[in-house]
Amino acid sequence: MENKQAKLELKAVYAQLNPHFIFNALSSIQGLINKNQISDANKYLAEFSTLLRAALKNTDKELVPLSVEIHIIENYLNLEQLRFPFLYQIVVADNINTNALELPPLLMQPIIENAIKHGVSAINEKGRIDIEFSKKETDMMIRIEDNGTGFDTDNIRIAGVGLKLTKERIHLWNQNSTEQKILLTIESKIGNGTTIILIFKNWL
């Protein structure tokens with residue numbers, strides 16, 4: 001019963017991500033329209049519909065292949081580049097099979113959203129986001145780093161709803177799983193960028 005309850009709570013938290021994600025995307029479209037960037041707004045809307053279908057398709061799944069997650073993240077980053085001219089790079093270690101490895105869907109999206117919104121959006125073309133997937137023994141690590149303005153990690157309002165939901169998802173996952181755990185660390189200082197590390201213990 002406890003296991004079932006934990007799974008239901010995990011699904012409930014994940015369900016909150018979709019409206020949060022949709023609201024922020026619509027705000028982005030509104031921003032482009034207000035700037036009279038109609039062509040970019042139309043392109044964003046078309047690409048967003050594809051991205052939303054992919055996200056909704058995985059709503060009922062506890063895990064998705066890493067390759068699917070990376071594809072969704074790339075689409076999201078490309079969309080946000082229509083608003084802010086930052087650069088990004090995604091590096092996956094050769095010893096990671098992205099088709100075989102699975103992880104909770106949309107776990108990285110709110111983190112990357114924060115990297116854009118609270119980081120590189122203020123410095124435009126000087127902004128950069130680096131995402132690295134690496135392996136150490138039976139653990140996988142995701143490092144998400146930006147060179148943006150940084151934020152106060154103790155300020156829940158600035159950290160955002162998405163990051164709060166991500167922490168809740170990780171907490172519930174760890175409650176429900178005896179072997180596979182997820183660890184999250186955040187390093188950020190105002191003016192010095194942000195580095196977030198996700199460690200998937202015993203995932204490989």
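This report looks at one strand with its partners, and then at a pair of helices, in a predicted model.

Let's start with strand β7, which covers residues 194–201. Is this strand mostly covered or mostly open? It is mostly covered, since six of its eight residues are buried.

## The partners of β7

Strand β7 has a partner in β5, which spans residues 139–146. The two pair in the antiparallel sense, with seven bridges between them. You can find one of the contacts yourself: T194 in β7 is the bridge partner of D146.

Strand β6, residues 181–188, also pairs with β7 in the antiparallel sense, here over eight bridges. Look for L184, which stands opposite L198 in β7.

## Helices α2 and α3

Now turn to helix α2 (residues 38–57) and helix α3 (residues 66–80). They pack at an angle of about 160°, and their axes are 10 Å apart. Because angles over 145 degrees count as roughly antiparallel, α2 is roughly antiparallel to α3. The crossing of α2 past α3 is left-handed.

Which residues meet where these helices touch? From α2 come Y44, E47, F48, L51 and A54, and from α3 come I72, N75, Y76, L79 and E80. Sorted by class, this contact has seven nonpolar residues, one polar residue and two charged residues.

Key
Residues are numbered from 1 along each chain as its sequence is written. This is a predicted model: local features need pLDDT of at least 70, side-chain atom pairs count only at pLDDT 80 or more; totals for chains, interfaces and linings use all residues. Side-chain values use heavy atoms; hydrogens and water are left out. Buried means under 20% relative accessible area, exposed over 50%, partly exposed in between (1.4 Å probe, protein chains only). Helices (H or I, at least four residues) and strands (E, at least two) are DSSP runs, numbered from the N terminus. Two strands pair if DSSP finds at least two bridges between them. Axes are lines fitted to C-alpha atoms, for helices over the stretch in contact, and angles run from 0 to 180 degrees between N-to-C directions. Angles under 35 degrees count as roughly parallel, over 145 as roughly antiparallel, 65 to 115 as roughly perpendicular and the rest as oblique. A crossing is left-handed if the near helix is turned anticlockwise from the far one by less than a right angle, and right-handed if clockwise. Contact means heavy atoms within 4.5 Å. Ala, Val, Leu, Ile, Met, Phe, Trp, Tyr, Cys and Pro count as nonpolar, Asp, Glu, Lys and Arg as charged, and the others, Gly among them, as polar.
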